[in-house]
Amino acid sequence: MSKTIIALGGGGFSMELSPLLDDFILAAAGKPDPRVLLVPTAGGDAADYITRFYRTVGRRARGTHVELFRRIEPDLRAFVLQHDIVYVGGGNTANMLAVWRVHGFDAVLREAYEAGIVCAGISAGAVCWFEGAVTDSLHPELRPLHDGLGLLRGTMVPHYDGDAQRRPTLHRLIADGTFSSAWAADDGAALVFRDGAFVEAVANHASKSGWRIERGADGTALETRVPPRVLT
């Protein structure tokens, strides 16, 4: 059974009206009526975020959500493993990871991934699957984060075209050796990984892209655009 991660740089139900990226995530389960679980921890389990999910994604699939700030599920493992897709929302990455670890939810997500449940997310929900990230969740300025779940090797940067500081900050961190390489995705684009390997970039418009950034022999950051498959 293949293990799939879909990392959205931005977009989906929480950022736009276009359903293309959300529909792509739902289709990845390979079922006509998938069970999709929203994990809104990064946003503090905000009620309006959860409502937006049910009004959009939840109308096209069997949607549920799990709250950890107001936890009611006695057995998180059993609850999560009932689903076909885990969809992690955006917000504060560092706080989310800390809350997950207090509840043992990080181990549950690892088991879900190994079991073949599609793991997806936007922003914080995209970077969490990787070892590292560039985030504003630790400080008002962008900083490196090194304690992601590590289901995927390397670093991930979302909002690559939506935040003017993301690109220069990542290039500096690559150049100074903080990170050796990274993936990035524009708002409206997503990176797809299967069994730990990059498969493709997808996007809701041809102007949106995935990116691969590596450290060159001269110590500078070398950026390569990954043309997306445009969803229709």
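I began with F13, which at 4% relative accessibility counts as buried (buried is under 20% relative accessible area, exposed over 50%, partly exposed in between, with a 1.4 Å probe and protein chains only).

I note that this is a predicted model, in which local features need pLDDT of at least 70 and side-chain atom pairs count only at pLDDT 80 or more, while totals for chains, interfaces and linings use all residues. Residues are numbered from 1 along each chain as its sequence is written, and side-chain values use heavy atoms, with hydrogens and water left out.

**Aromatic pairs**

I looked up the aromatic pairs and found 10 in the structure. Rings of Phe, Tyr and Trp (its six-membered ring) pair if their centres lie within 6.5 Å; planes under 30 degrees apart are stacked, over 60 edge-to-face, and the rest tilted. F13 and Y49 pair edge-to-face, with 5.2 Å centre to centre and 65° between the planes. This pair links distant parts of the chain, 36 residues apart: F13 is in the loop between β1 (4-8) and α1 (20-27), and Y49 is in helix α2 (residues 47-55). Helices (H or I, at least four residues) and strands (E, at least two) are DSSP runs numbered from the N terminus. Y49 is buried, at a relative accessible area of 13%. I also recorded one aromatic cluster made of F13, Y49, F53, Y54 and Y87.

**W183 and its surroundings**

W183 and F193 form an edge-to-face pair, 5.7 Å centre to centre and 85° between the planes. W183 lies in strand β9 (residues 181-185) and F193 in strand β10 (residues 189-194), so this pair ties together parts 10 residues apart in sequence. I found both W183 and F193 buried. The charged end of R212 sits over the ring of W183, 4.6 Å from its centre (NZ of Lys or CZ of Arg within 6 Å of the ring centre and within 35 degrees of the ring normal). R167 has its charged end over the ring of W211, 4.9 Å from the centre.

**Salt bridges**

I counted 14 salt bridges, each a side-chain nitrogen of Lys or Arg within 4 Å of a carboxyl oxygen of Asp or Glu. R212 also meets E214 in one, at 3.9 Å, N to O. E214 is partly exposed, with a relative accessible area of 39%. E200 and R229 form another at 2.9 Å, N to O. E200 lies in strand β11 (residues 197-203) and R229 in strand β14 (residues 229-230), so the pair joins parts 29 residues apart in sequence. E200 counts as buried at 19% relative accessibility, whereas R229 is partly exposed at 40%.
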